[in-house]
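Dear colleague,

Please find below the structure that I am handing over to you.

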Amino acid sequence: MARRNKIYEGKAKILYEGPEPGTIVQYFKDDATAFNAQKKDVIEGKGVLNNRLSEFFMTGLNQIGVPTHFIRRLNMREQLVRACEIIPLEIIVRNFAAGSMSKRLGIEEGTQLPRPIVEYCFKNDELGDPLVTEEHIAAFGWASQQDMDDILSLALRVNDYMSGLMYGVGIKLIDFKIEIGRVYENDYPRLIVADEISPDSCRLWDIETGQKLDKDVFRRDLGSLTDAYSEVARRLGVIPKTANVIKPTLIN
C-alpha cells in the first residue's frame, strides 16, 4: 500500500489525505480514552464498530436531508469524507441529565429534561473542552450568529432522528455530541455534520433496564465496551443479531 499523508491524529481517529481533492480518509482506531485522556486503553474491535455505526447514522441523516461529511465507507476501519473547516465547538444535546450536567447542577442522572438542552464547549484538549456561552462564541469570532442559528437547527434535527431511531430498538438517547464543519459550494458557505456519531459520542441506555451501552462502560468500569457497542449495532441491524464481538486484525 502506498504511503499516505497523515493530516491529523486524535484520540480515536487518524485523518489522511483523500484520493480526490476535497476528500479525507478517516481511520477509526481501537484506542479508548476518558477524562480528557487521563484514562486510556486499547479495546480490540472498537474502531470497526464505530466505523460501521457512524456510517449507519451519517447515511440516515443524509437520506433525510441533514447534510454530513460522509461519502462512503472504504473498508472495516476507514471511510471517505468531505474535507471541511471544523468550527472549534463541541455541540452537546441533552435529553436527560447525566455526566457533567448532573455534577454541575445537582440533578440526578436519568432525570428527563423539560426540553432538549443544547450546550457548547470550546474544542481545546489542553483546557479540557470548557463549557462556553453564545456570548463567548460571538465575542471570539468562533461562529457568526447565522452559523449559530444553523448549528442549533442541525443539532435538533440530529436529535429528532437519533432519538426516534434509538427508541425503536429499545434504547434511550440520553445525550450526544457532534461537531460541525463548513464547506463552500459555489463560494457559498454551508454547515454540515462532521467527525463521527457513535457510542463514543453518545450516551445510550437500555429503556427497560437502564444498562449503559456507551463509553460510560469504559469510564466507569462497567464491563466490556465491545459487548456494549456490539449490542447497539445488533439492535440497529448494522451487524447480524447472531454475530460475535468483532475483533479483526487489519493492516492499515
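**The open sheet**

In this predicted model, five strands make up an open sheet with antiparallel pairing, in the order β1-β2-β3-β7-β6. Strands here are DSSP runs of E with at least two residues, helices are runs of H or I with at least four residues, and both are numbered from the N terminus. Two strands are said to pair if DSSP finds at least two bridges between them. The edges are held by β1 (6-9) and β6 (70-73); each has a single partner strand, so one side of each lacks a neighbour in the sheet. From one strand to the next, the twist averages 25°, where axes are lines fitted to C-alpha atoms (for helices, over the stretch in contact) and angles between N-to-C directions run from 0 to 180 degrees.

Strand β1 pairs with β2 (residues 13-17) in the antiparallel sense over three bridges. Glutamate 9 has isoleucine 14 in β2 as its bridge partner. Helix α1 (residues 46-63) lies across β3 (23-28), β6 and β7 (78-82), and runs at about 135° to β6.

Tyrosine 184 has proline 189 in β13 as its bridge partner. Two residues separate the strands of this hairpin, in which asparagine 186 takes a positive phi near 55°.

Serine 201 belongs to the loop between β13 (188-194) and β14 (202-206). Is serine 201 buried or exposed? Serine 201 is buried, because its relative accessible area is 10%, and buried means under 20% (1.4 Å probe, protein chains only). Leaving aside residues up to four places away in sequence, serine 201 touches Phe176, Lys177 and Glu196; contact means heavy atoms within 4.5 Å.

**The whole chain**

The protein chain has six helices and 14 strands. Its radius of gyration is 18 Å, close to the 18 Å that the globule rule gives for 252 residues, so the protein chain is as compact as a globular protein of that length. This radius is taken over C-alpha atoms, and the rule is 2.2 Å times the number of residues to the power 0.38. Of the 252 residues, 49% count as buried.

**Notes on the model**

Local features need pLDDT of at least 70 and side-chain atom pairs count only at pLDDT 80 or more, while totals for chains, interfaces and linings use all residues. Residues are numbered from 1 along each chain as its sequence is written, and side-chain values use heavy atoms, with hydrogens and water left out.

Yours sincerely

Methods: Buried < 20%, exposed > 50% of the residue type's maximum accessible area, 1.4 Å probe, protein only.
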